[in-house]
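User: Hey, I'm just getting started with this one. Can you walk me through it?

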2 protein chains.
Amino acid sequence: MELLDDDKTIDMAELFKIFGDSTRIKIINVLLDNELCVCEIASKIKVSQSAVSHQLRILKTAKLVKYYKKGNCIYYSLADDHVKKIFMLGSEHTNE
Amino acid sequence: MELLDDDKTIDMAELFKIFGDSTRIKIINVLLDNELCVCEIASKIKVSQSAVSHQLRILKTAKLVKYYKKGNCIYYSLADDHVKKIFMLGSEHTNE
DNA sequence: TTTATATATGAACAGATATTCATATAGTTA
DNA sequence: TAACTATATGAATATCTGTTCATATATAAA
């Protein structure tokens, strides 16, 4: 493969950086098959509501998750299959 | 997929964290098809020898690159195909 | 309207991280 | 051995990042 330009390189690093935090990995993990509201996520992964909310904002900004409102809850899910693919590949590599 | 345990989650985050820096992405990029010595890497990606060396140490510690000595040069290459796979997947996602 | 629940967010703090600079180490050549 | 080249590394610094705490916002229930 050819040498990528700087912008592309930075974008790739930014993408991986988002997967490079265990709280965000946990969030992606619980969203792999389900959509969940913030407090369900917080409870499942045992992280404070505030911390989850802060991390969801990062995932949202990077368009790795999508969401909708229902009542006074907000349900989050993975934005697309790419997120799951990257997660699964990382998971495979980590098994060794 | 089931809920991963904390250790696994941390390992995955650590793995992605290593891909989450543009200098390391550049290093992996130039090593995709070749093996190169430190000064060749530094020259190709236009980063100081010291910075490259520091980042190579991180890649080495994580077993993402391997190396051998020849004369007073040290040649680095990607440790296995997984590294390339993860890189390529990130690259694909970044095109959109 | 008051109270309760769910979520977001800003500030502050602590810890992590990447680069630079100076220097050490080691192999090579003269 | 002395000089040169390639690489590694420690210290210092600046920047970034994640959590907590307090609080704001918004919806729902009483």
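User: What classes of residue make up the surface near DNA strand C?
Analyst: Keep in mind that this is a predicted model. The surface near DNA strand C has twelve polar, eight nonpolar and three charged residues.

User: And which ones come nearest to the DNA strand?
Analyst: Of the 23 residues around DNA strand C, the nearest are A:Cys37, A:Val38, A:Cys39, A:Ser50 and B:Thr23. Two or more residues each come from α3 (38-45), α4 (49-61) and β3 (73-78) of chain A, and also from α4 (49-61) of chain B.

User: Which element gives the largest share?
Analyst: That's α4(A), with six residues.

User: OK, switching to helices. How do α2 and α3 of chain B cross?
Analyst: Helix α2 (residues 22-31) and helix α3 (residues 38-45) of chain B have axes that come within 10 Å and cross at roughly 110°. Angles of 65 to 115 degrees count as roughly perpendicular, so that's what α2(B) and α3(B) are to each other. The crossing is right-handed.

User: Which residues make that contact?
Analyst: From α2(B) you have B:Lys26, B:Ile27 and B:Val30, and from α3(B) there are B:Ile41, B:Lys44 and B:Ile45. By class, that contact has four nonpolar and two charged residues, with no polar ones.

Note on methods:
Residues numbered from 1 in each chain as written. Chains lettered and ligands numbered in written order. Predicted model: local features only at pLDDT ≥ 70, side-chain atom pairs only at ≥ 80, totals over all residues. Axes fitted to C-alpha atoms, helices over the stretch in contact; angles between N-to-C directions. Helix = DSSP H or I, 4+ residues; strand = E, 2+ residues; numbered from the N terminus. Parallel < 35°, antiparallel > 145°, perpendicular 65-115°, else oblique. Left-handed = near helix turned anticlockwise from the far one by under 90°. Contact = placed C-beta atoms within 7 Å. Nonpolar A, V, L, I, M, F, W, Y, C, P; charged D, E, K, R; others polar. Near = placed C-beta within 6 Å.
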